[in-house]
Structures are given as structure tokens and as C-alpha cells.
Amino acid sequence: DPGWVTSDYQSPCEICEAGYRSSEPTRRECLACTLTEYQPSNGSTACLSCMAKSQTRVTASTSLRDCLCLSSYYKIDYPDANTPCKQCPAAATCPGGWEMPRPKYGYYRDPEVHD
């Protein structure tokens, strides 16, 4: 069955846990999702992609919330895979992760602007 693996075709099959996918087409091992992927379900044949300009801190992540914006990018609507992380405004610094842009010296953030 998809999402299940066996090392030698004689041993009982084992399900791939969340954060992993079965190797296709051989199904001989469970492969960890990469730094740009995650998988919340057991028994998967594929990992799901993080939003653009983001990655996880470790392989085998299990949640979209593990996908963090890269440095110099930010995102307002976490966790939504349909909207990518945005490039940091020129008058700000963006440490990445879930943090909002920080105004550079001499600038301020307008509390009325949410994007």
C-alpha cells in the first residue's frame, strides 16, 4: 500500500510516520521531508511544500507552522501556504521566521498599515 514500506519484501510492512514519505516506486524506506517540505499525516507518499521563500529548521517537519520565512522576508497571515513570504521593505529589517519587519533607525511603523 502507498505510504507503507518494507526493507526486504519479506518483513511486515511499516507505515511511514508524519514528517516522512515512502520512497517510490520501491517503497523500501521512509524518507524525511526536506527543509522546504512538511507532512502532517502518517502513511504518505509525498511531502507538502512550504510557501515560497520559507523553510523549516529541521527535516521531517509535520506542520505548515514549521515553515518559517527566510531572513529578509516576512509574512502577515501565518500559516497560509497559498501566500508566499514577502520581501522586506527597504526601510526595514526582517529577521525571518514569523517576525514582522522592524523599522530601520529614522523610520517608524504606521499602526494603520497591516501589509
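Visitor: Is Ser72 buried, partly exposed or exposed?

Guide: This is a predicted model, and in it Ser72 counts as partly exposed, at 39% relative accessibility. Ser72 sits in the loop between β8 and β9, the latter being residues 73-74.

Visitor: What is the phi of Ser72 about?

Guide: Ser72 has a positive phi of about 80°, although Ser72 is not a glycine. Most residues other than glycine have a negative phi.

Visitor: And what about Ala60, where does that one lie?

Guide: Ala60 is placed in the loop between β7 and β8, where β8 is residues 68-69, and the phi of Ala60 is likewise positive, near 65°, in a residue other than glycine. Ala60 is buried, with a relative accessible area of 18%, because the cut-off for buried is under 20%.

Visitor: Changing topic, how many disulfides are there?

Guide: The count comes to five disulfides, and if the bonded cysteines of the chain are numbered in sequence order, the pairing reads 1-2, 3-4, 5-6, 7-8, 9-10.

Visitor: Take Cys16, then: which residue is it joined to?

Guide: Cys16 is joined by a disulfide to Cys30, with an S to S distance of 2.1 Å, and the link is left-handed, with -90° about the S-S bond. Cys16 lies in the loop between β2 (14-15) and β3 (20-22) while Cys30 lies in strand β4, so the pair ties together parts that are 14 residues apart in sequence.

Visitor: Are those two cysteines buried or partly exposed?

Guide: Cys16 counts as buried, at 0% relative accessibility, whereas Cys30 is partly exposed, with a relative accessible area of 29%.

Visitor: What does the disulfide of Cys33 and Cys47 look like?

Guide: The sulfur atoms of Cys33 and Cys47 are 2.1 Å apart, and this link is left-handed, with -85° about the S-S bond. Cys33 is in the loop between β4 and β5 and Cys47 in the loop between β5 and β6 (48-49), so this pair ties together parts that are 14 residues apart in sequence. Both Cys33 and Cys47 are buried.

Visitor: And which parts does the pair of Cys69 and Cys85 tie together?

Guide: Cys69 and Cys85 form a disulfide with their sulfur atoms 2.1 Å apart. Cys69 lies in strand β8 and Cys85 in the loop between β9 and β10 (86-87), so the parts tied together are 16 residues apart in sequence. Cys69 and Cys85 are both buried.

Visitor: Which residues is Ser54 in contact with?

Guide: Leaving aside neighbours within four places in sequence, Ser54 is in contact with Thr36, Cys67, Leu68, Cys69, Leu70 and Cys85. Ser54 lies in strand β7 (residues 54-55) and counts as buried, at 6% relative accessibility, and the Ser54 side chain reaches the backbone oxygen of Met51 at 2.6 Å.

Visitor: Thr36 is on that list, so where is Thr36 found?

Guide: Thr36 is found in the loop between β4 (30-32) and β5 (37-38), and Thr36 is partly exposed, with a relative accessible area of 41%. Not counting residues up to four places away in sequence, Thr36 touches Leu48, Ser49, Cys50, Ser54 and Gln55.

Visitor: Last one: how many salt bridges does a search of the whole structure find?

Guide: The search finds one salt bridge, in which the side chains of Glu99 and Arg102 meet at 2.1 Å, N to O. Glu99 is partly exposed at 36% relative accessibility, and Arg102 is partly exposed with a relative accessible area of 41%.

Notes
Residues numbered from 1 in each chain as written. Predicted model: local features only at pLDDT ≥ 70, side-chain atom pairs only at ≥ 80, totals over all residues. Heavy atoms only, no water. Salt bridge = Lys/Arg side-chain N within 4 Å of Asp/Glu carboxyl O. Buried < 20%, exposed > 50% of the residue type's maximum accessible area, 1.4 Å probe, protein only. Helix = DSSP H or I, 4+ residues; strand = E, 2+ residues; numbered from the N terminus. Polar contact = N/O pair within 3.5 Å; in protein donor to acceptor, adjacent residues only side chain to side chain. Contact = heavy atoms within 4.5 Å. Disulfide = S-S within 2.5 Å.
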